[in-house]
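Hi,

Here is the structure I said I would pass on to you.

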Amino acid sequence: MVEQVVPAVGPGDTPPADTAARERAALAAVARTTLDGNWEHDHTVPSRTLYPHQWSWDSAFIAIGWAHLRPERAWAELTSLFDAQWRDGRVPHIVFNPVVADDAYFPGPAFWATTSVAGTPRTVTSGLVQPPVHALAAWHAYRRAPSEPARAALGRLYPRLVAQQHYLSNHRDVGGAGLASIVHPWESGLDNSPAWDEPLAAVPAEAAVLRAYRRRDIVHAAAAHRPTDLDYARYVAIVTAYRAAGYRDEQLADRHPFLVECPLFNAAMGAAESALAHIAQEIGADPGPHRQRAAAITTALVDRLYDPTTGTFHARDLRTGRLTPARTVLGLTPLILPDLPTAQVEAILVEAGSPRFGLAARMTRPLPSHDRTAVDFEPLRYWRGPSWMNINWLVRYGLLTHGHPRLAAGLGASMIELAATAGCHEYFHPDTGAGLGSPAFSWTAALLLDLLAEM
Ligand code: 2M8
């Protein structure tokens, strides 16, 4: 595809006249530098230090950013990820770069050992998945920079996106109610969320297991901000169980130690069907079945994961059959479903606008990842309190989808302000706004570019 460079903000190189515009151009330049620095021949690493390979849902968000700068990279990003799709349709959550040392990230390629499994690509990948936000991202990227080559790339991606959905709805519907189960906290993307505390505590493991391995995350990030050793021991135990079964999904209910229906994962799966309906229409395929599946997933999500007593969505632990009690930001994300009934939209707005999350038309800080008023709210530990750009982007997208532009503007302004003050960090202190985790993080940069272009 021909290289096409699109200015992130403003008409080319002429410096904008007013200060605000100059600040925005400077911010866009930081985002561009971050993405350029993390570009790696056919994909973008989330972070050069902490995450030196390709991550699935990161690539989806990152593609949205590239659509503003170099649209051909948006399509290369998604294409390289889907080149690693397994024959059963699963899109692996990590695609390992073979030139990076095995111990640069834990767990590395040798631990996953996927190449000996039938139906896997030549490249080593993980055997897990992540929230299927790719169809939404592909559609968004296309609308940001439509062109004939982009339509052709979208057309090539379409059957792969459909296969991804097919995998989730046919292999992962462990609960039998039309929702997909995640088999590991890493599949949620919000790995360390309090939503997983109960199901994770039931996974047998001892921190001593980690003596056989070397965690790499705490070499690059403060241990106090990362999951504990016991959490990691359980993460390892769950992957070990899945790997021992050849990453197969038959009889998961009888043998797998962690099975949860996540509100965000399933909202993404429903929103993917709505996006696929748009994509299908654009490329001359039939949007009807996608619309039907989107409606069915939305209905199942409300039936299974909405709790009328708390007025928000929770994760369901299939081992106990119960909803997990934590009120995390996951509960707000079904807003991305265009067919979400008004009662649930209203309930989410109440929850989001409460002191738990602080959504308002004028707000200082973006949404935290966990209820600010909860006793286990931890402003520094990842996914247990800090603010993340991707989740805020999704909620903002949901606010626009349901006709709340003032709230979306308030949220968007707080996100831009955060990055303007702290830079393109991986996550941010939910009160002070200080940057945390990796300092040059790709999805923060990508989604910032999207916001700057839109607002
Ligand atoms: C984090 O997850 C990885 C495991 O997949 C890790 O902690 O090592 C999460 O924030 C996840 O959502 C993200 O995709 C990944 C790469 O940015 O990092």
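Before we start, one cut-off to keep in mind: a residue is called buried if its relative accessible area is under 20%, exposed if over 50%, and partly exposed in between. Also, please remember that this is a predicted model.

Is Arg90 buried or exposed? Its relative accessibility is 2%, so Arg90 counts as buried. What does its side chain meet there? A polar atom of the Arg90 side chain lies 2.7 Å from the backbone oxygen of Tyr247.

Now for Leu323, which sits in the loop between strand E8 (316–317) and helix H13 (342–353). Here the relative accessibility is 23%, so Leu323 counts as partly exposed. If you'd like a distance to check on your screen, take the C-alpha atoms of Leu323 and Ser169: they are separated by 21 Å, and the two residues are 154 apart along the chain.

Next, the ligand. Where does it sit? The space it takes up is the largest cavity. There are 17 residues around the ligand, and the ones that come nearest are Asp58, Tyr105, Gly189, Asp191 and Tyr382. Sorted by class, this shell has 11 nonpolar, three polar and three charged residues.

Which side chains have an N or O atom close to a ligand oxygen?

- Tyr382, with a side-chain N or O atom 2.6 Å from an oxygen atom of the ligand
- Arg226, where the distance from a side-chain N or O atom to a ligand oxygen is 2.9 Å
- Trp383, whose side chain has an N or O atom 3.0 Å from an oxygen of the ligand

And how much of the ligand does the protein cover? On its own the ligand has 410 Å² of accessible area, and the protein covers 100% of it.

Cheers

Notes:
Residues numbered from 1 in each chain as written. Predicted model: local features only at pLDDT ≥ 70, side-chain atom pairs only at ≥ 80, totals over all residues. Heavy atoms only, no water. Near = heavy atom within 4 Å. Polar contact = N/O pair within 3.5 Å; in protein donor to acceptor, adjacent residues only side chain to side chain. Areas by Shrake-Rupley, 256 points an atom, 1.4 Å probe, with all protein chains shown as cover. 1 Å grid on protein atoms, 1.4 Å probe; cavity = no way out; pocket = protein on both sides within 12 Å on 5 of 7 lines; lining within 4 Å. Sits in = over half its atoms within 2 Å of the grid points. Nonpolar A, V, L, I, M, F, W, Y, C, P; charged D, E, K, R; others polar. Helix = DSSP H or I, 4+ residues; strand = E, 2+ residues; numbered from the N terminus. Buried < 20%, exposed > 50% of the residue type's maximum accessible area, 1.4 Å probe, protein only.
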